[in-house]
Amino acid sequence: MPDTTDSDIDAFIDRWGPSGGRERANYQLFLTELCDLLDLPHPEPAQADASENAYTFDRAITHTKADGTSAPRFIDLYKTGCFVLETKQGVEAAEKADSTGLSPSSNPVKSATGHGKRGTAGYDKTMTRAHAQAEGYIHDLPAGEGRPPFLIVCDIGYVFELYAEFTQSGGRYQRFPDPKNHRIYLEDLRKPEIRERLRTIWTDPLSLDPAKRIAKVTRDIADRLARLAKSLEAEKHDPETVAIFLQRCLFTMFAEDIGLLPEKGFEQLLDRVDENPASFPTLVGGLWKEMAEGTDYSPLLLQKISHFNGGLFENASALPLTGEQVELLRDAAHADWTEVDPAIFGTLLERAPDPRERHKLGAHYTPRSYVERLIEPTVIEPLRTQWESVKAAAVLLLEQDKGKKAREEVETFHHDLCRVRVLDPACGSGNFLYVTLEHMKQLEAEVLDFFERIGGDRTLEMDSFKVRPDQFWGMELNRSAVSIAQLVLWIGYFQWHFKTTGRADTNDRPLLPKQNTILHQDAVLAYDEKIPRRDEEGNVVQIWDGVTTKPHPVTGKEVPDETAKKVLYDFTNPRRPDWPEADYVVGNPPFVGASRMRDFLGDGYTEAVRKAWKGDVPESADFVMYWWEKCARLLREEKIERFGLITTNSIHQTFNRRVLEKHLGDEKKPMHLAFAIPDHPWVDSSDGAAVRIAMTVGSRGNLGGKLGAVIGENADKEEIAIQFSHGCLLPTMSIGADFSEINQLQANASMSSMGMKLHGKGFLLASDHHLVDSDPDCVVIKEFVGSRDLTQKSRKLAVIDAFEFDEQCLAESYPGVYQHLLTEVKPERDAKSHTKDGAAYAKLWWKFGKPRPLLRKSLGSMESFIATPRTAKFRTFLTLSASVVPESEVVCIFSDEFSLFGILSSSTHQAWSLATCGWMGKGNDPRYNNSRCFETFPFPDPDPTT
């Protein structure tokens, strides 16, 4: 912070405080002198090329109108990657007498009126219009410059209004740091922390993102939490009991720091326990009983204890702790729990008691900005659009001296806002619901602030109506997560009141009402009974648990442990479940591809859910598409207003796209995509892995939407640059021609195929494997080519291809090969033999899972063929010998004609393949589907003369 003296600040305030009326005469000088006060560089001279003007006054931009024409606009002050600043000049509402005692009105010179008298409705309207004007400038900035994190509206010599949008991806700019403190008045510049805030907006604005600071504080607590959970587990406590115990401990620490309990009361109680750890269950359990019922005087904390209840402290008992365990709690209690992010807090509570999940504590969280990117267009944007209309109507009524009617308009909107219901049908520990609650509370604060300024009684209004946690509903299968999500909402609610009013107590009693808005329910499958499956002899069918392995006695490699079993269940009378009523649906269903559903969900469940949704969701669709289908039906039946879902980024590929097409193409009850980002980085909550996802927002009607494309990303800093385009969004997640409707051409039929699908790593052999060297003429060992060998350096692998042999013939002809497959392939096939496909693979365990007879027949008479990797960043075609065995990720085209090779390699076919392909993986690489990219391509007639 620069060494600014009190006299410097006094001089600046005295100089600019009386200014008024003439914005154009004042704004550049005022902002230049502000830079001097904050020890910041001055804006730079403007260059002829606007793209070079990264920090200038009157930055020129071009606004394109709806009719296609354009007009120049100018930003008062702009700094790339930092802020857009729009200035206005107000005047004081009350006239003041000068030193002679005469009113300024006696001066014959006409005074400048500026942009309105401060403190009036007209002035508020001007500042609101300035905010909207600045947002318009931001949308008109060149896409390559991105969206700055800050928007500033400045009334020269009076106030700065700060707004932030840290996702930088198209969301609305919210009051920063909160609705109560977003205005910086000229007098506030006397405070060092305020000057530092402004200075940081100029120099390092993203460091002000509270989500990053809060995440760090929460991670610091995670290590203690993990160690405490691990030590309790070692003492053989029930995991669910441990989970509830941790919830009570952590909420108590939070309540203490936020003022719902006496200051340092719990910490001092732990200090007393430290001298005698055996007293922990009695003292802490006694405190929780007092919190459950409330008491005018607590003999434990020597003060009044509010009535909490809510189920969390019912029948509360504390686990016995050792001295070391008490010390872990004391360390955690010393942390600042007012800074804990409730969303991450919930994740910690959910993972801590589970040994398999505990290693992820403090390591992997989905960044808040990613969550906000979906919540904004799904819930907040339509609500804010309604609010802007109501506010404009209220201002018009005020100008007509209809103040009562204006306040009624605002009251009605507030009451409607307090009745809005949001549902997350796969809520986990409540991340999406909490962030939505916070955004709706922010909107509510703006509504009440405006209501108060136009003469309404804010306190009286809030006594009867508040945006509350019971407006937020969830569905979750993990019973522990259900109670955690409910708790997270209340923590967020208290935290919001603490930040905005200075006190967390909402005057509700009990403070934690016992409610059940988070349901322990499956969102996509209802059934009567879950019963063990039995075989023909009546024995319960058990299968490999899918996790446990053991070293093979011969090879030493990890193979499935056949003794680790789990029961296979069937679900009787499977059907589609009902969902709670809601206005908006938003969430992040499980990332499970169609091919992995049996592995992750079990055969019985997979078969039941597919039966329940038969006819509407193809069996080849990913698991998340059952949520998408349900939401789309609710929307078109006018039971919800909008929905937004995180899905796998393969949503626009053929098998998933079929779900979208039938809803987006319906003429009687139309719906459209209001927002979509087809490829976005994410953090998978199930394993902390970096994955690629898609965001889609559905809305009723045949309207246009916003399509986002990620044009830059910094995973370490969680920064994403997104460029948006507007238009009619197709099921292919594109704007323009609809390639999903093109048909396959008969002329191209039976000319291509995927390669062999092995279903067993044991088929592959390194070039120096003894089986390769021992018999060079072995007909079942062949050269192998995978997609990786086409795009990178060849691995020089061989493969065992016993397609022509039965089991006995293979054992007699090539006993070494047979034994290798017996030990390396058969155990893996047997472990999955309980499924329909798995049974077939296990029966013919020495052969490829998909041996492609048509491919073999087509290549039988050829010397070479054309091949391309299915998934690759750059599309290339090569010729391969017909003697090699291509894997399934290689697309094989049954031709060796150079004319065909040339057409496939042309820019025309490259463009066609990009328009018709799917996209896959972390790198979002184009995926060449032969049925969509090759069989639909209109090849030109060959010219016999060339």
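Q: Which residue lies over the face of phenylalanine 724, and at what distance from the ring centre?

A: The model is a predicted one. Lysine 706 is placed over the face of phenylalanine 724, at 4.6 Å from the ring centre. A second case involves lysine 79, whose charged end sits over the ring of tyrosine 55, 5.2 Å from its centre.

Q: How is a pair of aromatic rings described?

A: Two quantities are used, the distance of the centres and the angle of the planes. In the whole structure, a search finds 39 aromatic pairs. One of them joins phenylalanine 571 and tyrosine 605, with 5.7 Å centre to centre and 85° between the planes, and is edge-to-face.

Q: Where do phenylalanine 571 and tyrosine 605 lie?

A: Phenylalanine 571 belongs to strand β16 (residues 569-571) and tyrosine 605 to helix α18 (residues 603-612), so their pair ties together parts 34 residues apart in sequence. Both phenylalanine 571 and tyrosine 605 are buried.

Q: Why is the pair of phenylalanine 675 and phenylalanine 724 called tilted?

A: The ring centres are 5.7 Å apart and the planes stand at 40°; planes under 30 degrees apart would count as stacked, and over 60 as edge-to-face. This pair links strand β19 (residues 671-683), which holds phenylalanine 675, to strand β22 (residues 719-727), which holds phenylalanine 724, so it ties together parts 49 residues apart in sequence.

Q: Is phenylalanine 675 buried or exposed?

A: Phenylalanine 675 is buried, its relative accessible area being 4%.

Q: Which residues form one aromatic cluster?

A: The cluster consists of Phe245, Phe251, Phe254, Phe280, Trp288, Phe308 and Phe313.

Definitions and conventions: Residues are numbered from 1 along each chain as its sequence is written. This is a predicted model: local features need pLDDT of at least 70, side-chain atom pairs count only at pLDDT 80 or more; totals for chains, interfaces and linings use all residues. Side-chain values use heavy atoms; hydrogens and water are left out. Rings of Phe, Tyr and Trp (its six-membered ring) pair if their centres lie within 6.5 Å; planes under 30 degrees apart count as stacked, over 60 as edge-to-face and the rest as tilted. Helices (H or I, at least four residues) and strands (E, at least two) are DSSP runs, numbered from the N terminus. Buried means under 20% relative accessible area, exposed over 50%, partly exposed in between (1.4 Å probe, protein chains only). A charge sits over a ring if NZ of Lys or CZ of Arg is within 6 Å of the ring centre and within 35 degrees of the ring normal.
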